[in-house]
Amino acid sequence: MAKKKTAKAESHEFQAEVSKLLHLMVHSVYSETEVFLRELISNAADACDKLRYAAITQSDLLAEDPDLKITITANAGAKELTIADNGIGMDHDELVGNLGTIARSGTEAFVKQLSEKDTDVQQIGQFGVGFYSAFMVAGEVEVVSRKAGSDEVWKWDSDGSGQFNLAPVGAKDAAAHARGTTIILKLRDDAEEYLEASRIETIIKTYSDHISFPITLTVTGAEDDQEPRQLNAASALWTRPKSEISEDQYKEFYGHVGGMFDEPALTLHYKAEGRHEYTVLVFVPTQKPFNLFDPDRKAKLKLYVRKVFISEDAEMLPGYLRFVRGVIDSEDMPLNISREMLQNNPIVASIRKAVTNRILSELEKTADKAPGTYEKIWDEFGSVLKEGLYEDMERRDQLLSLARFRTSTSDGAQRSLKAYVADMKENQTAIYYVTGEDQTKALASPQLEGFRAKAIEVLVLSDPVDNFWITSALGFDGKPFKSITQGAADLDTIASDETTEDAEPEADASEFGTLIALIKQTLGDDVTDVRRSDRLTDSAACLVAEAGAMDRNLEKILAQHNPEGMPKQAPVLEINPRHEMIKALAQSAKADGATSDLEDAARLLLDQAYILEGEPVADPAAFAARMSRFMTRRMTSTAS
Ligand code: ADP
């Protein structure tokens with residue numbers, strides 16, 4: 001009580017990012033200003049949801065005024081639009097924190113995208129800063145709020161420039177302000193259209209029809225004052241029969257529940273009956289939500305129990321399905337379940353399992369029946385789904401069959417593993433892959449040459465997440481995964497498609513043997529082995545890893561993350577017996593033995609193989625000196 005007596009007006013600065021956002025709202029001209037109404041109504045509905053949840057354990061919070069509702073008043077005379085709810089309300093500290101001094105995680109991201117103009121203002125809800133859209137249409141915004149259960153009423157107001165004011169509302173006025181929040185917008189001259197009943201009605205029909213609390217509109221101060229009338233259907237969309245829901249209504253709901261305004265790529269609406277009863281209405285977006293790669297990686301499905309909103313953090317789906325948006329409404333969970341208890345609740349676990357299965361099988365169906373749609377989903381969310389390949393062993397095979405890959409022969413098209421296996425060459429026993437930082441680099445690997453020559457398909461793995469699953473993946477359809485830069489290539493056993501193959505003859509076997517022995521001797525511990533390559537056609541040499549060792553690209557990527565983590569394995573140097581230079585070297589090895597020339601050549605071959613991998617040579621000065629020696633010899637021998 002003492003606090004109430006001393007409470008007085010105060011001013012606060014907006015947090016820096018919020019200030020930037022407000023500056024954009026106030027000064028930029030956006031074509032879709034109408035989204036402000038959707039955002040404020042959505043906040044009002046959330047506030048009603050929150051109160052209904054709180055009232056499960058504290059029924060007196062609802063007692064005096066049990067019918068939750070949203071009331072819009074357009075006052076044409078005063079040019080004011082008011083959006084009021086009798087929901088949870090905000091106290092002093094919540095007004096300060098929520099409306100200005102604490103930036104939400106999406107604020108910076110949204111400001112950045114808005115200023116770079118690759119996001120339209122429609123998306124504001126997704127970033128958790130919808131309230132501020134009010135400043136697109138209002139020169140001044142007032143928020144009067146009474147927190148449920150409190151007798152204090154506070155007024156927040158601002159013109160959006162730099163700071164906001166907060167003042168306690170005197171006892172007399174406070175008595176007139178029942179529970180909840182009223183937002184009063186003093187509309188700018190160019191926004192007076194939002195005082196027209198028909199305009200408001202259209203917006204609400206377009207965006208907010210599904211809101212499950214009644215929204216009523218009252219028009220005053222105009223020639224044709226209108227009695228309050230309800231504008232929306234006010235029944236939770238997912239409870240209606242599918243046949244009565246239009247595509248537009250689904251889309252509008254998706255916008256509300258996911259804060260996303262693209263077209264959903266997939267809509268899944270069903271009622272599960274059996275051991276547990278629940279309704280599912282979920283969407284797969286067409287675009288990535290901005291926070292898809294946030295470190296918490298949590299799925300944000302909304303959990304309801306018999307239409308009462310319980311939580312958005314119940315992790316109703318595994319992390320690798322976190323791009324899915326929507327609601328699950330359980331019929332048989334206890335209403336008074338605390339958010340903490342959700343974690344270990346067996347019904348939650350069972351619903352989670354069933355819904356995960358259902359979404360995956362729906363994706364399979366889409367891949368089968370609408371491959372074009374599925375390809376787009378995979379392009380956007382494939383790298384998230386692939387997290388499941390190492391997180392969800394139970395569904396690994398299913399996820400592998402959902403996976404799509406670009407390959408060395410697919411010319412940019414996506415290929416499934418099923419298609420890969422069906423097209424495997426005679427005697428091919430493994431699914432080959434090449435890793436790399438990006439597609440172009442991976443496709444430039446010299447190790448691919450032999451595979452290309454025989455038209456053997458190789459999966460191109462250039463997504464960072466590939467490094468995690470491929471190392472533990474056992475295979476697909478009984479065929480192991482095999483890196484083309486690891487172990488023996490076994491290419492000799494696989495027949496070529498080309499009948500007119502006239503490959504270069506190889507170096508003489510005994511000369512070649514001597515060359516290999518001499519190179520080994522020169523390179524010592526810098527290589528694990530030196531051997532003949534059957535995976536090269538054009539290049540003279542390349543590096544590979546021993547059969548049991550880690551793929552070289554993977555090793556590189558892991559070393560970037562953790563430079564001191566692993567001792568680096570010396571590579572195997574493979575040399576191409578058909579290459580002219582190697583043949584010449586083999587001849588001279590046999591004829592002259594270990595000369596300093598041959599030593600230089602061995603070192604240069606190793607350096608060259610590193611360069612082909614995009615790696616620096618171990619000793620650039622020595623490399624340059626050797627190179628110069630070689631060139632000098634060549635030039636002087638031609639000159640003489
Ligand atoms: P979001 O609604 O996405 O969280 P907003 O910027 O629209 O972001 O709102 C910020 C916060 O302010 C909300 O999370 C909520 O806590 C609070 N808030 C806004 N409007 C209301 C309201 N009508 N009643 C109660 N709290 C509200």
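Student: In what sense do β4 and β5 pair, and over how many bridges?
Tutor: Strand β4 (residues 138–146) and strand β5 (residues 153–158) are antiparallel, with six bridges. Strands here are DSSP E runs of at least two residues, helices are H or I runs of at least four, both numbered from the N terminus, and two strands pair if DSSP finds at least two bridges between them. This is a predicted model, where local features need pLDDT of at least 70, side-chain atom pairs count only at pLDDT 80 or more, and totals for chains, interfaces and linings use all residues. Residues are numbered from 1 along each chain as its sequence is written, and side-chain values use heavy atoms, leaving out hydrogens and water.
Student: Which residue is opposite Asp157 in β5?
Tutor: That's Glu142.
Student: What's the order of strands in the open sheet?
Tutor: Its nine strands run β1-β6-β5-β4-β7-β3-β2-β8-β9, with mixed pairing. β1 (10–13) and β9 (226–230) are at the edges with a single partner strand each, so one side of each has no neighbour in the sheet.
Student: New topic: which residues come nearest to the ligand?
Tutor: Asn43, Asp85, Arg104, Gly128 and Phe131, out of 13 residues around the ligand (a heavy atom within 4 Å counts as near).
Student: And which helix gives the most to that shell?
Tutor: α3, with three residues.
Student: How far is the side chain of Arg104 from a ligand oxygen?
Tutor: An N or O atom of the Arg104 side chain is 2.7 Å from an oxygen atom of the ligand. For Asn98, a polar side-chain atom lies 3.2 Å from a ligand oxygen.

Notes
A polar contact is a pair of N or O atoms within 3.5 Å; within protein, one must be able to donate a hydrogen and the other to accept it, and residues adjacent in sequence count only if both atoms are side-chain atoms.
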